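Please open the model in your viewer and keep the selection tool at hand. The tour below moves from one selection to the next and says what is found at each stop.

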Amino acid sequence: MKNKFIKIFCVAIVGAMTLASCDKGFEELNQNPNALTDPAVKSMFTLAEIYVDGQDFSNTRGNNIYAAQIVQQFSSLSGSGSKYTYSSEYSGALFGETYGKGLNQIFQLLSVIKDTPENANAIQALRIMKVFLFQKLTDTYGEIPYFEAGKGYNGGVYAPKYDTQEAIYNDLLKELDEAGDALDANKAFVGNADLFYQSDVAKWKKLANSMMLRVAMRLSKVNPAKAQQYVEKAVAKGVFTSNDDSLVLRHDSGPQGVKTNPITSSWVINDLNKGDANTKFSKTFIDNLKNNNDPRLRILAKLEATGDNSPASQQGLANDAREFPGGDKKLFSDPNTSTVLRLDAPTLIMSYAEVEFILAEAAVKGWNVNGSAQKHYEDGVRAAMQILTIFGDKVPAVTLTEYNDYMTAHPFKSSGTEAQKIEQIITQKWIVLLFNGFEAFSEYRRTGYPVLVPVNDPTGETKGTIPRRLIYDQSELITNNVNYKEAIQRQGLDLMTTRIWWDK
């Protein structure tokens, strides 16, 4: 299996070199592909999937340093996310890389792939991947170029206008609805060039519907009727039903930037420093697991300097810390390099556990999702613990007894208020979204959970309030200035404190 993935990755990277995709935004996104007369559809498709996972650049800067620290999964003495400071390079990383690589790859392939029965499933899968990238972008920044993005290939639009989040979200739901329905098991796909599901159409349909859940639930406050409509539609069509459905991308231990995990590799190579590093698990995260005797703690964390992963030894760094208490960085918890922080650790892009937590929240709201909030919650926690087996067997997996003990000590608050139930659900989702800081950041802004204590650092940009978005890639002021200005006139100033449309 590993050799298969290595070969596909290598083919994809060769394809990437021939396509000459670059790091920065619309100039690359809108390059003319006329020279590409015989597209290597399978290798281009593989590369699109790799880019959906993100690259080292955006994952290090936007995910690990900004989003995951804002939601206090991680902490750093001088981290932009921990202290709410502004770094133009870090804040704009996701914007530039997603348009310059991920969307560039998808739009280029869509512009040259022939609309024939043998390509039909690949085209629908590309539409689904496009939704994934655009939702991450719009959730992070607010209004973004959407409908005109990519039109340099066939429309000559090199400075695309920004669209409102409401219009974008309406189209994201439409795309998932249509693409999921159009997938056809009786038609050809791309075989093993599909790293996600090896061309299993049934699993792709479940992915489209599960993503519809995620997109729809984001509207729970700004348009609850539409949120309910599409959540119930997704459930009726069929969403993830086990960990086998989870979207997981496998990696290898080298070379970096080709086959390694883009979330962990830069951390391990550049910053871990045998435990003598500034970035650690947040005290908020470690305390939650440690105080609740969460059996996942031994799998997720350890002291890198000594290899000690015993729960009693773990301690996190407060997000407002300006120095390490006691002065020894090695006494603070690192992500476990035997499991989740391996160079070849798989990426959990979207999990069955996340789906169950969305359904649990929907059930709390009284929506029709085929089961009680308690059942979906319990299934979600169990799935979140069991999915950790994808990270290998060097640390013992969570046992059924441990899960039962945990649920006995922390039962679902069936008699609690709606707010108490949702807090419990979202806090569990926050745990399973470890290393998916962008999604955890979105869910925090939507729900206010888990409860976080803001950092009021003198270097911060927000006067002691938790950020509501990241600031656009500042190259937009030069290359797309008119449309950029129109967007901030509608949305609000380009600040970390400006709330986006669904953030009520």
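Select Thr459 first: leaving aside residues up to four places away in sequence, Thr459 touches Lys83, Thr85 and Arg322, where contact means heavy atoms within 4.5 Å. Thr459 and Thr85 are 374 residues apart along the chain, and their C-alpha atoms are separated by 6.1 Å. Thr459 sits in the loop between helix 19 and helix 20 and is partly exposed, with a relative accessible area of 39%; buried means under 20%, exposed over 50% and partly exposed in between, for a 1.4 Å probe and protein chains only.

A word on the source: this is a predicted model, in which local features need pLDDT of at least 70 and side-chain atom pairs count only at pLDDT 80 or more, while totals for chains, interfaces and linings use all residues. Residues are numbered from 1 along each chain as its sequence is written, and side-chain values use heavy atoms, with hydrogens and water left out.

Next, select residues 481-491, which form helix 21; helices (H or I, at least four residues) and strands (E, at least two) are DSSP runs numbered from the N terminus. Which residues of helix 21 are buried? They are Asn483, Tyr484, Ala487, Ile488 and Gln491. Seen down the helix axis, these buried residues fall within an arc of 135 degrees, so they line one face of helix 21, the arc being that of the directions from the helix axis to the C-beta atoms. On the other side of helix 21, Val482 and Gln489 are exposed. The cover over the buried residues includes helix 8 (120-141), strand 3 (162-163) and helix 20 (476-479). After helix 21 comes Gly492, whose phi is positive, near 125 degrees.

Now select helix 18 (residues 418-432) together with helix 19 (residues 437-447), whose axes come within 10 Å and cross at roughly 165 degrees; axes are lines fitted to C-alpha atoms, for helices over the stretch in contact, and angles run from 0 to 180 degrees between N-to-C directions. That makes helix 18 roughly antiparallel to helix 19, a term for angles over 145 degrees. Ile426, Lys429 and Trp430 of helix 18 make the contact with Ala440, Glu443, Arg446 and Thr447 of helix 19.

For the last stop, show helix 16 and helix 17, where Tyr377, Glu378, Val381, Arg382 and Met385 in helix 16 meet Tyr403, Tyr406 and Met407 in helix 17.

Conventions. Angles under 35 degrees count as roughly parallel, over 145 as roughly antiparallel, 65 to 115 as roughly perpendicular and the rest as oblique.
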